[in-house]
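Visitor: I would like to learn how to read a pair of packed helices. Please start with the terms.

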Amino acid sequence: MLLYVFRRLLTAIPTLFVIVTLAFFLIRVAPGGPFNQERGLSPEIKANLEAQFGLNDPLWVQYLHYLKNLAHGDFGPSYNLPDFTVGELFAKGLPISIQLGASALVLALLLGSLLGTVAALNQNKAGDYSVIALATAGSTIPTFVIAPIIQLVFGLTWKMLPIGGWGDGAFVNKIGPVITLALPQIAIVARLMRGSMIESLHSHHIRTARALGLSDWSVVVKHALRGAVLPIVSFTGPAAAALLTGSIIVETIFAIPGVGRYFVDAALNRDYTLVMGTVVVIAIFTIVFNLIVDIMYAVVDPRVRYD
Amino acid sequence: MLKTMLKATVFAATLAVSAGAFQAPAFADVVYNRGSAAEPESLDPHKTSTIYEANVLRDLFQGLVMQDEKANVIPGAAESWTVSDDGTVYTFKLRKDGMWSDGSPVTAEDFVYAFHRLEDPATGAEYASMLYPIKGAEEVNTKKGKPEDMGVKAIDATTLEVTLKAPTPYFLEMLTHQATYPVSKASIDKLDADWVKAGKLVSNGAYTLAEWVPNDHIKLIKNPKFWEADTVKIDTVNYIPTEDRASAIKRFEAGELDSYDDLPTEQLADLQAKFGDQIKVGPYLGTYYYAIKTDKAPWDNVELRNAISMAIDRDFLAEKVWQNSMLPGYSMVPPGIEGYTPALAKYADMPQIDREDEAKKILEKLGYTPEHPLKMEIRYNTSENHKNTAVAIQEQLKPLGVEVTLLNTDTKTHYSFLEQKGNYDVARAGWIADYKDPETFLGISRKASGNNYSDFDNADFEKAMDKAAAAGGNPQERMKDLSEAERVLVDNVGNIPLLYYSYHDIVSPKLHGFVDNVMDVHPSRFISKD
């Protein structure tokens, strides 16, 4: 098992290298650069700016320069926020996005699993239908509709929550964003759980357990759940990577200083270094979480063996 | 016994707490939560470009001159100045009590250092052009000259002499721009790139930089070393970037923001009904226009350009597309600059129906009818309002025999394409004044300007602009000359001006000193809060 993990981590390095190279050249294919704007710059001033960031070197020189710095953990300065390095921006914003994403993920897994199990146990009855209806609503209503509604109802009308801002990590500031992030995921987890729980509850070993007279609780939680949880585990890998790196919509509407916005803004602004930073971060997260998911398979399902 | 003691303790504790509560307000900081629509890019005055930086820097630093609450030029770090008879030499007397926030005095050398640094090519300053009127400045910036030859000299610790290339009546206005602010050489020498960090940034204005959490807030606290610190009423200014306009309005309503510098314009009518005079809308020095390729057939025909421009119903655009957050525009220079009369298009007063008839006649004469339409492509950068404007114009031009296709690209692609003089017909552009003078709007249509997206090349216009520049010593005559130059530009349809910008802010009635002005400039040092 340990050897397996080690092998996976080893293959992560060439994977990252390919991703970084592709991203580096692709972002420069997009027309325009970091310094194109409404008020055009004179060629001399533009040349001065580009010289400052090394943008007038030949492309392969810039690439090698970037790789060398990357090996030292230096992602470079942000072009559009030059007072900060990409590393600083992520150091400040990533913990925030992770907090929100992790809370949303935990909430989604717990609540979604609960709802899915309830639905499975009440299959084709009122409990099932209401969960499915809620799940459909949760996954189809866009976050940019949910978020302003939360702000309006809980913020302005009932004055229970602040409208926006991070409030230095205050609990009340996290409630709105976490619920907005979690709702679509709750819906997905509920449906997944319902499906696999239904399948699990009809399997042979559950029939045997019931025949042996085990309590409902024991049957569902101790036995059926373990088999049903695998699709949720698969889902959690990429979902974790996506949630923990923030959502631009939630962060913009709730004015949260996370890193979600960088994924879109950096590309639109052609902030090359910040784009590369976001690509590296999400690549690392995806690789790590996929590995964790594979390990969890082995933990949950004793039939899975990695050699 | 115990019960009595407990009761006494509770009573005493309550007294103590309430006494504390009475004390607290007297010592409480006055905090101004100032919402802004975007994050500043940098707080180094020499690396700035947008108004979001300008607002924060205006609170942190003091240039030679500053703007008051009405955006009029007032003394800043310089308490007085004299101009030589030929208008080329400015001698600034710096105030003797001007101090940096680290306690060192603000000297003329600081300004010499700052001006050199702005023009130094290694700094990569986008607004280096703000000091180009100074002799030798442009040469330094384009690597053709040495800093020692720049026309800026420290005569003594409190006297700064600036020599210009030619008389420039708007030079003082240009000095209100944040790119001309001084920076502390000692601080930069010691800290290098870290000098801009919160807690370390040395400034000479009303505030110092306490915190900057990107995309969360910028906290400014009152600078006790500021020479006029006793008139500054707000102790802490929190600049809070909130990009989502609708969210910002909710935050304002909940009391999280005391003001916000933009509005969701599609809701303007509802906002005005709901918030009344907390909504501030008024003319802003900016023009929204369509560049049109004047050197490409068929757009090189001035009659054709005139017909297109005439046919556009700007009232409709202003009212229906922009909800009156923009005003119909018929000239390149918007109204609001004292002493200047914009040259409006000749058809500005014609009723829309007549204009459309006239345009149709011209188009027919040139052989274009709805059966044999003229093909025109409008390019714009992605935005709901730009799209709606272009769609509206597409509809307006259709019955006249013009078939419009639309192409939108993201902002960077759009401007990169324009800058490279790509092959387009008509492209959306805008221009916001860097300083309060018509020159900033007319200069971009000169042949040599990099912002001349229409490739306008008209000898009469160039002559008129040169004439205005030569009249630098006589402001009134110069304004007349500029107006005549604009007349040439407008009559020859060098651009198609569509709308004038307006500012739209929302301001809490608790704030005082937030005075409407055409530059939308509201320094925190003149603002107080109940």
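Guide: Angles under 35 degrees count as roughly parallel, over 145 as roughly antiparallel, 65 to 115 as roughly perpendicular, and the rest as oblique. Axes are lines fitted to C-alpha atoms, for helices over the stretch in contact, and angles run from 0 to 180 degrees between N-to-C directions. Helices (H or I, at least four residues) are DSSP runs numbered from the N terminus. This is a predicted model, in which local features need pLDDT of at least 70 and side-chain atom pairs count only at pLDDT 80 or more, while totals for chains, interfaces and linings use all residues. Residues are numbered from 1 along each chain as written, and chains are lettered from A in the order written.

Visitor: At what angle do the axes of helix 7 and helix 9 of chain A cross?

Guide: In general, two packed helices are described by the angle between their axes and the distance between the axes. Here the axes of helix 7 (residues 171–201) and helix 9 (residues 216–228) of chain A cross at roughly 125 degrees and come within 8 Å. Helix 7 and helix 9 of chain A are therefore oblique to each other.

Visitor: Which residues of helix 7 of chain A meet helix 9 of chain A?

Guide: Two residues are in contact if their C-beta atoms, placed from the backbone, lie within 7 Å. From helix 7 of chain A, A:M193, A:S196, A:M197, A:S200 and A:L201 meet A:A224, A:G227 and A:A228 of helix 9.

Visitor: How many residues of chain A are in contact with chain B?

Guide: On chain A, 42 residues are in contact with 39 residues of chain B. Helix 2 of chain A gives the largest share of the chain A side, 7 residues.

Technical notes. Helices (H or I, at least four residues) and strands (E, at least two) are DSSP runs, numbered from the N terminus.
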